[in-house]
Amino acid sequence: MFITIEGLDGSGGTTQVERLRAEWARRAPGREVVCTREPSPGPVGRLLRQALADVTIGEGVLPYLFAADRRDHLDRVVLPALARGAVVISDRYALSSLAYQSAALGLDKVAALNADFPAPDLTVLLDLPPAECLARIDARGATRERFETLPRLEQIAAAYEAGLLRLPTWRVARIDASGTPDEVAARVAEAVGQAGGGTWPR
Ligand code: TYD
């Protein structure tokens, strides 16, 4: 089973990946669960993180780097783990590119760049208003990154909606991401259970 967690910066994706791993360990002990992320920890992902921090690299370069990293991440991590029968939970995947890169390249071209990548079994979209996302980022004292301004996050939130319409074969669970991490984790766990046909997928 391949699950991806999506949402704006500050919507809590990284926390919820860990919560979901713990939930799986509780409900299906012994099942291998691989948690991973994009930008990936691999060589293309490292290059991508440098590019994100480098203001001389234009937004038009990023869609290609994210697609290259996704191919590398699938080949190195995701597909081998799925072939072993593991559950894979990825913090971000192709829907992030549709949301974050369409302003630079247009939705059609970003969708075309990502067309060959496999659809996840479930995409969990953490729904939180942009202003609340920024408040969470500021509260943790982090420096704001490239996309972390209110106008950009509002544009990306709208692009998430447009991107969703391009993914008719993807099963998407939209989760209210307000409240405590425990409250959100319970909503995510319920959505995963429903995706498994009412029983937790073992
Ligand atoms: P993020 O998950 O925030 O990593 P970190 O927690 O290490 O900062 O991802 C970094 C940024 O990359 C984030 O703002 C979202 C953006 N991003 C894209 O623009 N396109 C993509 O395809 C992906 C996967 C991420």
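The model being a prediction, local features need pLDDT of at least 70 and side-chain atom pairs count only at pLDDT 80 or more, while totals for chains, interfaces and linings use all residues. Residues are numbered from 1 along each chain as its sequence is written, and side-chain values use heavy atoms, with hydrogens and water left out.

Start with the ligand. It is surrounded by 15 residues, the closest being D9, R49, R70, S97 and Q101 (a residue is near if one of its heavy atoms lies within 4 Å of the molecule). For D9, a side-chain N or O atom sits 2.8 Å from an oxygen atom of the ligand. R37 puts a polar side-chain atom 3.0 Å from a ligand oxygen, and for E145 the corresponding distance to an oxygen atom of the ligand is 3.1 Å. Polar contacts here are pairs of N or O atoms within 3.5 Å; within protein, one atom must be able to donate a hydrogen and the other to accept it, and residues adjacent in sequence count only if both atoms are side-chain atoms.

Next come the helices. Helices (H or I, at least four residues) and strands (E, at least two) are DSSP runs numbered from the N terminus. Two packed helices are described by the angle between their axes and the distance between the axes. The axes are lines fitted to C-alpha atoms, for helices over the stretch in contact, with angles running from 0 to 180 degrees between N-to-C directions.

Helix α2 (residues 43-53) packs on helix α3 (residues 62-83) at about 155°, with the axes 8 Å apart. That angle makes α2 roughly antiparallel to α3 (under 35 degrees counts as roughly parallel, over 145 as roughly antiparallel, 65 to 115 as roughly perpendicular and the rest as oblique). On the α2 side, the contact (heavy atoms within 4.5 Å) includes V44, L47, L48 and L52, and on the α3 side L62, L65 and F66 are among the residues involved. By class, this α2–α3 contact has 10 nonpolar, one polar and three charged residues (Ala, Val, Leu, Ile, Met, Phe, Trp, Tyr, Cys and Pro count as nonpolar, Asp, Glu, Lys and Arg as charged, and the others, Gly among them, as polar).

Helix α7 (residues 150-164) packs against α4 (residues 94-105) at about 125°, their axes 8 Å apart, and the two are therefore oblique to each other. Residues of α4 in this contact include L95, L98 and Y100, and those of α7 include R152, I156 and Y160. The class count for α4 with α7 is nine nonpolar, four polar and one charged.

Helix α6 (residues 130-139) packs with α7 as well, at about 130° and with axes 9 Å apart, so this pair is oblique too. Here P130, A131, C133 and L134 of α6 meet L150, L153, E154 and A157 of α7. This contact has seven nonpolar, no polar and one charged residues.

Finally, the backbone. A cis peptide bond links E38 and P39, with omega about 0°, and P39 is in the loop between β2 (33-37) and α2. R92, in the loop between β3 (87-91) and α4, has a positive phi of about 80° although it is not a glycine.
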